[in-house]
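Dear colleague,

Please find below the structure that I am handing over to you. My notes on it follow directly after.

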Amino acid sequence: MTPEVWVRVNSAAFGGRMVRSDTIEQVRWDRKTPQHLILTLHNGDEVHQDVRGGAPIDDMDDAEGDDLAEHLVSAIARASDRPGGHILDLRRDEATGRMGWFRTPLVDKPWAE
């Protein structure tokens with residue numbers, strides 16, 4: 001069985017959604033719109049991820065957006081090597097204060113017990 005990896009994409013301007021990682025064709029950061037990572041899907045849709053989770057981007061260095069894009073691709077590859085399903089979220093690391101991609105297990109829970 002192939003592991004399922006989902007990316008939770010959130011944007012204050014464009015809303016949020018879950019995207020299966022195997023539908024992502026490209027991840028990029030455009031310096032002209034530095035507030036978002038842009039995920040291009042196989043069907044041509046573009047999904048936008050806030051790079052700072054709603055925090056100001058004034059102090060963002062030139063490499064931070066590119067790093068987040070590369071780290072997403074690496075996080076997808078690492079999660080794909082693990083059994084079961086996974087969700088990747090972009091959030092602030094409590095220890096470092098930097099934004100990063102974090103994996104949580106995708107667990108089936110009954111709606112009603």
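What percentage of the contacts in the protein with a separation of 6 or more is accounted for by residues 24 or more positions apart? The share is 42%. Please bear in mind throughout that this is a predicted model.

**Overall layout**

The protein has 1 helix and 7 strands. Taken in sequence order, these elements give the pattern β-β-β-β-β-α-β-β. The protein has 113 residues, and 35% of them are buried. Its accessible surface is about 7,300 Å², and carbon and sulfur atoms contribute 50% of that surface.

**Salt bridges**

The count of salt bridges in the model is 5.

Arginine 20, with a relative accessible area of 30%, is partly exposed. The pair also belongs to a network of salt bridges, in which Glu4, Arg20 and Asp22 are linked.

A further salt bridge is formed by the side chains of arginine 8 and aspartate 89, at 2.5 Å from N to O. Here too distant parts of the chain are linked: arginine 8 belongs to strand 1 and aspartate 89 to strand 6 (residues 85–92), and 81 residues separate them. Are these two residues buried or partly exposed? Arginine 8 is partly exposed, at 32% relative accessibility. Aspartate 89 has a relative accessible area of 11%, so it is buried, the cut-off for buried being under 20%.

The side chains of arginine 28 and glutamate 46 form another salt bridge, with an N to O distance of 3.0 Å. Because arginine 28 is in strand 3 (residues 24–29) and glutamate 46 is in strand 5 (residues 46–50), the pair ties together parts of the protein that are 18 residues apart in sequence. Arginine 28 is partly exposed, with 26% relative accessibility. Glutamate 46 is partly exposed as well, and its relative accessible area is 41%.

**Serine 11 and its surroundings**

I would also draw your attention to one residue of strand 1, namely serine 11. Its relative accessibility is 6%, and serine 11 therefore counts as buried. Which residues is serine 11 in contact with, once its neighbours within four places in sequence are left aside? They are His36, His48 and Asp50.

Polar contacts of the serine 11 side chain can be described as follows. With the side chain of histidine 36, the serine 11 side chain makes a polar contact of 3.5 Å. With the side chain of aspartate 50, serine 11 makes a polar contact of 3.4 Å.

**Where to begin**

From arginine 8 you may follow the salt bridge to aspartate 89, and from serine 11 the polar contacts to histidine 36 and aspartate 50.

Yours sincerely

Conventions
Residues numbered from 1 in each chain as written. Predicted model: local features only at pLDDT ≥ 70, side-chain atom pairs only at ≥ 80, totals over all residues. Heavy atoms only, no water. Salt bridge = Lys/Arg side-chain N within 4 Å of Asp/Glu carboxyl O. Buried < 20%, exposed > 50% of the residue type's maximum accessible area, 1.4 Å probe, protein only. Helix = DSSP H or I, 4+ residues; strand = E, 2+ residues; numbered from the N terminus. Contact = heavy atoms within 4.5 Å. Areas by Shrake-Rupley, 256 points an atom, 1.4 Å probe, with all protein chains shown as cover. Polar contact = N/O pair within 3.5 Å; in protein donor to acceptor, adjacent residues only side chain to side chain.
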